[in-house]
Structures are given as structure tokens and as C-alpha cells.
Amino acid sequence: KQFTVYVSPIAGQEEKSALAVITDVTRMHKLEQMRSEFVANVTHELKTPLTSISGSIELLKSADRDEETRRYFYDVLDIEAERLRRLIDDMLALSQIENAKEDPSVCPCDLEDELKKCIDRLLPVAEKNKIEVTLDADRSLFVSASPTRLQQLFGNLIENAIKYNKPDGSVTVTARRQKQTAIISVKDTGIGIAPEHFERLFERFYRVDASRSREIGGTGLGLSIVKHLAALYGGEVGVESEAGKGSNFIVRLPLLSVPKPEDG
Ligand code: ADP
């Protein structure tokens with residue numbers, strides 16, 4: 001615990017007594033520490049691609065580069081610019097979601113439809129990585145959410161399950177009704193996560209293997225976005241995993257109660 005102590009004399013009683021104000025500043029210091037850690041992380045994340053971009057431009061400037069070398073550096077520029085774009089998009093999304101108490105653009109969303117759309121959008125990534133993605137969802141599971149945000153939540157989990165997989169691996173997405181809750185699971189046969197990482201896994205910029213994450217174009221913000229979105233819609237996210245065997249990310253979301261058809 002950290003305190004600040006402020007002592008001042010009391011008018012007319014200077015010799016006998018004084019007023020002391022003790023304030024608990026633990027939370028303030030913690031917030032300040034988190035803020036400066038975030039700024040340090042963002043600075044680092046921005047500097048890495050920028051260094052590559054300026055290096056490539058410098059090398060491209062010299063006239064004696066052959067066509068193949070020039071092409072190589074143009075590709076580097078492309079990849080690093082895309083990395084910056086993803087980082088900025090994810091930071092914007094996170095700042096919008098993080099402090100939101102509610103989402104004004106919610107509507108009833110059918111989980112099967114939204115999960116299907118997510119998987120279709122990610123099929124080119126799955127094919128490129130030789131990963132099979134399957135969906136098995138109960139019918140008529142409706143949740144109250146914004147379709148775009150729901151796509152973002154499950155898109156991040158499914159994309160991770162594809163990217164942190166092994167060659168010829170698979171991803172199984174299931175959605176089940178359990179009383180008034182939808183249980184959505186995104187399970188992969190990939191590299192897995194050792195239990196000591198579970199506690200910090202959903203923190204901004206936390207990565208199990210930073211170089212692997214950067215290599216595959218990760219921003220380190222995906223799971224943090226997932227956690228905040230699940231909370232925004234009254235749910236939660238958890239993980240079960242074993243290093244080397246695969247992971248299972250489980251999201252619980254409250255179901256919208258479907259009105260019963262009128263009798264007669
Ligand atoms: P990133 O953009 O780095 O993927 P995330 O926030 O989405 O950031 O994930 C944080 C870290 O958690 C990743 O860097 C990776 O180390 C680990 N991770 C996430 N999903 C999986 C998964 N399905 N299998 C193994 N590791 C994972």
C-alpha cells in the first residue's frame with residue numbers, strides 16, 4: 001500500500017494540535033504505472049515496423065539495386081504498412097470497447113449465422129495454413145450484440161486457432177445452449193499454451209512467444225479485445241490448454257429469451 005500524508009496546523013491551536021490527512025494512493029499509482037507501461041508498449045510496437053520501413057526506403061534509394069532486390073524491399077514495405085494498419089485498427093477498437101458501459105448498436109444475432117460468416121471470411125487464411133475449420137452449432141441461439149463486434153470477437157479467436165496451429169491441424173467451433181447461456185468453444189490442435197501464461201494471456205500486448213506472434217502479423221491485442229467484448233455483452237471468456245497439444249477458448253454469452261408462440 002502507498003499513502004500520502006498531509007499535515008497542517010489548525011488556526012488558533014498551533015501548539016496543541018494539527019490536522020493530518022492520509023490518502024491511500026495505491027490505486028492512483030497502479031493506474032499511472034499501467035498507463036506508462038501502455039505508452040512504452042505502443043511506442044515499441046510502432047517503432048519496430050517504422051524502423052523496417054525507413055531501412056527499406058534507404059536501401060531502395062540506391063540506384064544500383066537489381067529488380068529482385070527492389071521487389072523484396074517493396075514486399076517488406078507492404079508487410080510493415082499492413083502491420084501498422086492492424087495495430088492502429090486494434091488500438092482504436094480496444095479504446096472504444098474498453099470503457100464502454102453498453103453498446104448502442106446491439107440487435108438479436110443468430111450465433112450460427114455469425115460464426116459461419118466468420119469462418120467463411122477466414123477460409124483463405126485456413127487454406128494457406130492447411131488447416132481444416134469445422135462448425136457445429138445448435139439452432140436458434142440468439143444473443144444481443146452488434147454483428148460487427150461479434151465477428152471481431154470470434155474472428156480473433158478463430159484466426160488465432162488457425163495461426164497458432166500445426167501443419168494439417170484442425171479447428172473445431174461449437175456453439176451449445178446451456179439453460180440461458182450460449183457456450184461457444186474454439187478448439188485447435190495447435191502449439192498450445194503452458195498454464196503459467198493463463199493469468200496474463202488476456203492482457204494488452206501479452207504474448208507467449210513475441211517473435212512468433214510478430215512473424216505471423218499479430219498485434220498482441222486480439223485476446224484483450226475478445227475479453228472486453230465478452231464482458232460488454234454480459235459474458236466471459238476462459239481458456240483450457242496444454243503446451244504442444246492445443247487450446248480451447250470458451251466464451252459464455254447470455255441468450256436472448258425467444259418469445260413463446262401464443263397459445264391457440
Ligand atoms: P497476437 O496478435 O499476438 O496473436 P493475441 O492477444 O491474439 O495476440 O494473443 C496473445 C498471445 O496468446 C499470442 O501472442 C499467442 O502467444 C497466444 N495465443 C493466442 N491464441 C492462441 C492459440 N489458439 N494457441 C496458442 N497460443 C495462442
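The points below go from confidence in the model to the surroundings of the ligand.

1. Please keep in mind that this is a predicted model. The chain has a mean pLDDT of 92, with 97% of its residues at 70 or more. For the complex, the predictor reports an ipTM of 0.99 and a pTM of 0.86.

2. Where does the ligand sit? You will find the ligand in the largest pocket. Helix H4 (147-163), helix H6 (222-232) and strand S9 (246-254) are the elements that each contribute two or more residues to the shell around the ligand.

3. That shell holds 21 residues, and the closest are Tyr164, Ser213, Thr219, Gly220 and Leu223. By residue class, the shell comprises 10 nonpolar, 8 polar and 3 charged residues.

4. A polar backbone atom of Gly220 lies 2.8 Å from an oxygen atom of the ligand. For Val208, the distance from a polar backbone atom to a ligand oxygen is 3.1 Å, and for Gly222 the corresponding distance is 3.2 Å.

5. How much of the ligand's accessible area does the protein cover? On its own the ligand has 540 Å² of accessible area, and the protein covers 96% of it.

Note on methods. Residues numbered from 1 in each chain as written. Predicted model: local features only at pLDDT ≥ 70, side-chain atom pairs only at ≥ 80, totals over all residues. Heavy atoms only, no water. Near = heavy atom within 4 Å. Polar contact = N/O pair within 3.5 Å; in protein donor to acceptor, adjacent residues only side chain to side chain. Areas by Shrake-Rupley, 256 points an atom, 1.4 Å probe, with all protein chains shown as cover. 1 Å grid on protein atoms, 1.4 Å probe; cavity = no way out; pocket = protein on both sides within 12 Å on 5 of 7 lines; lining within 4 Å. Sits in = over half its atoms within 2 Å of the grid points. Helix = DSSP H or I, 4+ residues; strand = E, 2+ residues; numbered from the N terminus. Nonpolar A, V, L, I, M, F, W, Y, C, P; charged D, E, K, R; others polar. pLDDT = per-residue confidence, 0-100.
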